[in-house]
Amino acid sequence: MKMTAFWKHYDKVEREHWKLAEKEAQEQRRLDDEIREAKKQQRKLNYLITQTELYAHSGGHLESTEVEV
């Protein structure tokens, strides 16, 4: 009888441990996804800023050339 109680308790503790481990793993995946998405958005923003600066630089050069002509 004591062994049955022991194994029931052991199984319960083991299930709780696995639930907790799965929950932590899920939370870590969520955080990783958020970080990955933030980096992706930052890269997009940097690309747009770079393109805008390049366009503004080349466009400004062309406008000044046209004015002189």
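Me: Which side chains meet Asp 33 or Arg 36 in a salt bridge?

Reply: In general, a salt bridge is a side-chain nitrogen of Lys or Arg within 4 Å of a carboxyl oxygen of Asp or Glu. Here Asp 33 and Arg 36 meet each other in such a contact, at 2.5 Å from N to O. Before going further, note that this is a predicted model, in which local features need pLDDT of at least 70 and side-chain atom pairs count only at pLDDT 80 or more, whereas totals for chains, interfaces and linings use all residues. Residues are numbered from 1 along each chain as its sequence is written, and side-chain values use heavy atoms, with hydrogens and water left out.

Me: How many helices and strands does the chain have?

Reply: Secondary structure is read from DSSP runs, numbered from the N terminus: helices are H or I runs of at least four residues, and strands are E runs of at least two. By that reading the chain has 1 helix and 0 strands. Helix 1 covers residues 2–68, and Lys 40 is found in it.

Me: Why are Asp 33 and Arg 36 about one helical turn apart?

Reply: The two residues are separated by about one helical turn because they lie 3 residues apart in helix 1.

Me: How many salt bridges does a search of the whole structure find?

Reply: The search finds 4 salt bridges. One of them links Arg 29 with Glu 22, the closest N and O atoms being 3.3 Å apart. Arg 29 is partly exposed at 43% relative accessibility, and Glu 22 is partly exposed with a relative accessible area of 45%.

Me: Where do positive charges gather in a patch on the surface?

Reply: Patches are made of residues with over 30% relative accessible area and no salt bridge; like charges are joined within 9 Å, and nonpolar side chains (Val, Leu, Ile, Met, Phe, Trp, Tyr) within 5 Å. Lys and Arg count as positive and Asp and Glu as negative, while His and the chain ends are not counted. The place of a charge is taken as NZ of Lys, CZ of Arg, CG of Asp or CD of Glu. In this structure the positive patch consists of Lys 39, Lys 40, Arg 43 and Lys 44. Lys 40 counts as partly exposed, at 37% relative accessibility.

Me: Which residues form a nonpolar patch on the surface?

Reply: Met 3, Phe 6, Trp 7 and Tyr 10 form it, with about 450 Å² of accessible area together. Accessible areas come from the Shrake-Rupley method with a 1.4 Å probe; for residues, only the protein chains shown count as cover. For the chain, the accessible surface comes to about 7000 Å², of which 61% belongs to carbon and sulfur atoms. Of the 69 residues of the chain, 1% count as buried.

Me: How many aromatic pairs does a search of the whole structure find?

Reply: Rings of Phe, Tyr and Trp (its six-membered ring) pair if their centres lie within 6.5 Å; planes under 30 degrees apart count as stacked, over 60 as edge-to-face and the rest as tilted. The search finds 3 aromatic pairs. Among them is the stacked pair of Phe 6 and Tyr 10, at 6.3 Å centre to centre with 25° between the planes. Phe 6 and Tyr 10 are 4 residues apart in helix 1, and therefore separated by about one helical turn. The pair of Trp 7 and Tyr 10 is edge-to-face, because the ring centres are 5.3 Å apart and the planes stand at 80°. Together, Phe 6, Trp 7 and Tyr 10 form one aromatic cluster.

Key: Buried means under 20% relative accessible area, exposed over 50%, partly exposed in between (1.4 Å probe, protein chains only).
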